[in-house]
Amino acid sequence: MKILKPRFVSPELKLLRFLHSRMGFPIDDLRRFENLEKGFKGEQQFDIWSEDILIDGLILNDLLFEVNNTVFQIDSVLISQGTLFQFEVKNYEGDYYLEGDKWFTLSGSTIRNPLHQLERSETMLKQLLQNNGYNMHIESYLIFINPNFHLYNAPINPSIIFPTQLTRFMDKLNRTPSKLNGGHSKLAETLVSKQTFQSPYKRLPNYDYNRLEKGICCPHCRTFVDVTLKCKCGFEEAPSAAILRSIEEFRWLFPDEKITTNRIYEWCKGNKSIRTIRRILANNFEYEGYGKPGHYIVPIEFNRAVR
Ligand SMILES: [Zn+2]
């Protein structure tokens, strides 16, 4: 098995993480942020689990498509010789129950039926493949990755893989006969190239520079560090790494703002001297406009360490 498209933190989750350390969220945004964070953790668990897939196959993660003016997202796809497996990963935790085809948490709140979501994306994926001249057999699975999930009144449905079935499901996958050829790589490339883009800024809570808390955040626990750059969680980093991360956060949150020494000094709340900030900016970025209103040219994806 080869991972052709690895999974990263989505731009939206990344932005929400940056913001959440620096401002309070309205309840709806907070819930959304927590759900995205939880979903991502589940997907990471799935990625660890899927390392045991041994067949000749290609894995593509986090695919976003638009078919018939509808945008849909697929957590993971496994291309094998004769079948394209689609996986929707759910990190539900605790007790849930079913009444007819309605899903509830034990406290009685309804959730969207994840099977409908799975069927919908299978239909769209089939359509997308057909539009591009492929007629591949698709199998879709809803993977409940969290061992602390339980569903009362669970139906007998081979598309649902409960935590206790994951090992057997892996055995089944690994018995799939598969020998890939150039056509499969072509299919994978087509899927990657047919992706759509959605702005990560559309659904963020409202924020403005003046009201955000300034300072340098620890990349692990997201609390602010002091001038020593030693976090309470034990994380420690060099000034240049901490400043570059902070520049990246600023760049993501304010893509239209110019990056200047003073701005970054203020953004880091004076945790490092203005001289240090100027040196780090000058060492890493090109300067445009000599004289007073100059600024540094900072590409948005310059820091691969921020994921
Ligand atoms: Zn920390």
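Here are a few notes on this chain, from the overall picture down to one strand and one phenylalanine.

1. Ground rules. This is a predicted model, where local features need pLDDT of at least 70, side-chain atom pairs count only at pLDDT 80 or more, and totals for chains, interfaces and linings use all residues. Residues are numbered from 1 along each chain as its sequence is written, and side-chain values use heavy atoms, with hydrogens and water left out.

2. Overall build. The chain has eight helices and 14 strands; these are DSSP runs numbered from the N terminus, with helices being H or I of at least four residues and strands E of at least two. Along the principal axes, the C-alpha atoms fill a box of roughly 65 × 50 × 40 Å.

3. Of the 307 residues, 46% are buried, meaning under 20% relative accessible area with a 1.4 Å probe and protein chains only. The accessible surface is about 16,600 Å², and carbon and sulfur atoms own 49% of that; areas come from the Shrake-Rupley method with a 1.4 Å probe.

4. Contacts along the sequence. Take the contacts with a separation of 6 or more: 64% of them join residues 24 or more positions apart. Contact here means heavy atoms within 4.5 Å.

5. Strand 4, a covered strand. Residues 83–90 form strand 4, and eight of its eight residues are buried. In a regular strand, side chains alternate between the two faces of the sheet. Here one side carries Thr 83, Phe 85, Phe 87 and Val 89, the other Leu 84, Gln 86, Glu 88 and Lys 90, and all are buried. Do note that Glu 88 and Lys 90 are on that buried list.

6. Who sits beside strand 4? Strand 3 (residues 70–79) pairs with it in the antiparallel sense over four bridges, where pairing takes at least two DSSP bridges between the strands. A hairpin of three residues joins strand 3 to strand 4, and Leu 78 has Phe 85 as its bridge partner. Strand 8 (residues 137–144) pairs with strand 4 in the parallel sense over eight bridges, with Lys 90 opposite Phe 144.

7. Phe 162. This residue lies in the loop between strand 10 (160–161) and helix 4 (166–174). Is Phe 162 buried or exposed? Phe 162 is buried, at a relative accessible area of 15%. Neighbours within four places in sequence aside, Phe 162 is in contact with Phe 144, Phe 149, Leu 151 and Ala 154. Phe 144 is also the residue that Lys 90 stands opposite in strand 8. By contrast, Asn 132 is 30 residues from Phe 162 in sequence and 33 Å away, C-alpha to C-alpha.

Terms used
Buried < 20%, exposed > 50% of the residue type's maximum accessible area, 1.4 Å probe, protein only.
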